[in-house]
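Work through the exercises below with the sequence and the coordinates at hand. Each task is followed by a stepwise solution.

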Amino acid sequence: MLRILVLHGPNLNLLGHREESVYGTATLDAIDESLIKLGGELGAELVIRQSNLEGELVNWIQEARRNYHGIIINPAAYTHTSIAIRDALAAVDLPTIEVHLSNIYRREEFRRHSYVSGVALAQIAGFGAIGYLLALRGLCEQISVTGSKRSSGGSASVSGTKTGAH
């Protein structure tokens, strides 16, 4: 079974109540529920975490190298500032999809640079909440085609876990 780590960065816990014209009306819980459902359909176990703390995100990324086949991350504001997150992703060397609800290239100039994109397999931006589902489908397909450093070693089962929400 594929194990995928899904990480949500700062302020994403406020989705559905924050700048709806930019980020939409979907809550983080709704996004997570749709991911868990799709993960079940794709035979992937998801562990979903959110933090407003850069160091906590870095720790989770580093821990992923032992137990996961890939990462989906929306680093949020850390996209544009965090070399630490970029370096952690490079160090674990897992296929990673970077997700953004809004199209960062149609926003303010300071949001148009991503430190993460240089180490990510792909970036999905501007599709709103559906971007997470596109990322999950793409990551699972990529891993099944190219293989992964880790083998599932067993039959697929359906599960999803949300932890570490702040």
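A nonpolar core is a set of buried Ala, Val, Leu, Ile, Met, Phe, Trp, Tyr and Cys residues joined through side-chain atoms within 4.5 Å, where buried means under 20% relative accessible area with a 1.4 Å probe, protein chains only. This is a predicted model, in which local features need pLDDT of at least 70, side-chain atom pairs count only at pLDDT 80 or more, and totals for chains, interfaces and linings use all residues. Residues are numbered from 1 along each chain as its sequence is written, and side-chain values use heavy atoms, with hydrogens and water left out.

**Exercise 1.** Describe the largest nonpolar core and state which elements supply it.

Step 1. The largest nonpolar core has 24 residues. Those with the most contacts inside this core are Ile4, Leu35, Leu46, Ile72, Ile97, Tyr132 and Leu136.

Step 2. At least two residues of this core come from each of β1 (2–8), α2, β2 (44–50), β4 (96–100) and α5 (130–146); helices (H or I, at least four residues) and strands (E, at least two) are DSSP runs, numbered from the N terminus. The largest share, six residues, is supplied by α5.

Step 3. Another core, of 19 residues, lies apart from this one, and includes Leu5, Val47, Tyr68 and Ile71.

**Exercise 2.** List what Ile4 is in contact with, leaving aside neighbours within four places in sequence.

Step 1. Contact means heavy atoms within 4.5 Å.

Step 2. Under that condition, Ile4 is in contact with Ala44, Glu45, Leu46, Val47, Tyr68, Gly70, Ile72, Leu136, Leu139 and Ile143.

**Exercise 3.** Compare the reach of helix α2 with its expected span, and list its buried residues.

Step 1. Helix α2 covers residues 28–42, which is 15 residues. The expected span is 1.5 Å times one less than the number of residues.

Step 2. From first C-alpha to last, α2 reaches 21 Å, close to the 21 Å expected.

Step 3. Buried in α2 are Leu28, Ile31, Asp32, Leu35, Leu38, Gly39 and Gly40. Just after the helix, Gly43 has a positive phi of about 75°.

**Exercise 4.** Decide which part of the model calls for caution.

Step 1. pLDDT is the predictor's confidence in each residue, from 0 to 100. The protein has a mean pLDDT of 86, with 80% of its residues at 70 or more.

Step 2. Over residues 150–159, pLDDT stays under 50. The model has 21 contacts beyond four places in sequence for these residues.

Step 3. Where pLDDT is low, the predicted coordinates should not be read in detail.

Notes
Buried < 20%, exposed > 50% of the residue type's maximum accessible area, 1.4 Å probe, protein only.
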